[in-house]
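Q: Please walk me through this model. I want to read its features one by one.

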Amino acid sequence: MTHRKLEPHEIEQALQQLNSAGSPDWTLDNGKLTKTFKFKDFQQAFGFMTVCAMYAEKKDHHPEWFNVYSTVKVQLTTHDVSGISLKDIDLAKKMEATASRG
Ligand SMILES: C[C@H](O)[C@H](O)[C@H]1CNC2=NC(N)=NC(=O)C2=N1
């Protein structure tokens with residue numbers, strides 16, 4: 001997995017890809033790949049976080065996130081490169097797949 005800091009046009013392309021499947025929820029917010037996931041209840045939200053946490057640990061790439069009941073706001077960035085890398089895109093894709101699986 002690449003560590004290179006992505007160029008703005010590459011991030012734009014990745015955002016379009018991430019959003020093409022569903023609603024245009026992924027944005028670049030303060031230099032971070034951001035989305036607020038809404039679930040049915042806390043159990044669904046925490047189940048999502050559990051799956052993503054194990055994936056993050058396996059990949060050694062960890063999200064910033066904020067959970068209130070059924071809402072999980074995630075902010076992805078790569079500290080190593082002070083920006084967005086393919087690691088963030090990969091984690092975002094995993095989060096999409098996990099959330100849509102329910
Ligand atoms: C030492 C360890 O590999 C690094 O600190 C990893 C851990 N998790 C990480 N997570 C994120 N989001 N960015 C990083 O640069 C990062 N680096």
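A: Start with residue classes. Ala, Val, Leu, Ile, Met, Phe, Trp, Tyr, Cys and Pro count as nonpolar, Asp, Glu, Lys and Arg as charged, and the others, Gly among them, as polar. The model is predicted: local features need pLDDT of at least 70, side-chain atom pairs count only at pLDDT 80 or more, and totals for chains, interfaces and linings use all residues. Numbering starts from 1 along each chain as its sequence is written.

Q: Which residues are around the ligand?
A: A residue is near a molecule or strand if its C-beta atom, placed from the backbone, lies within 6 Å of it. Here they are D60, H61, H62, T77, T78, H79 and D80. The shell has five polar and two charged residues, and no nonpolar ones.

Q: What does the predictor's confidence say about the protein chain?
A: pLDDT is that confidence for each residue, from 0 to 100. The protein chain averages 94, and 94% of the residues score at least 70. ipTM and pTM are 0.94 each.

Q: How many helices and strands does the protein chain have?
A: Both are DSSP runs, numbered from the N terminus: helices are H or I, at least four residues; strands are E, at least two. The protein chain has three helices and four strands. Their pattern along the sequence is α-β-β-α-β-β-α.

Q: In what order do the strands form the sheet?
A: Strands of a sheet pair through backbone hydrogen bonds, either parallel or antiparallel. Two strands count as paired if DSSP finds at least two bridges between them. This open sheet has the order 1-2-4-3, with antiparallel pairing. Strand 1 (27-29) and strand 3 (64-68) are at the edges with a single partner strand each, so one side of each has no neighbour in the sheet.

Q: How many bridges join strand 3 to strand 4?
A: Five, and the two strands run antiparallel. N67 has V72 in strand 4 (residues 71-76) as its bridge partner.
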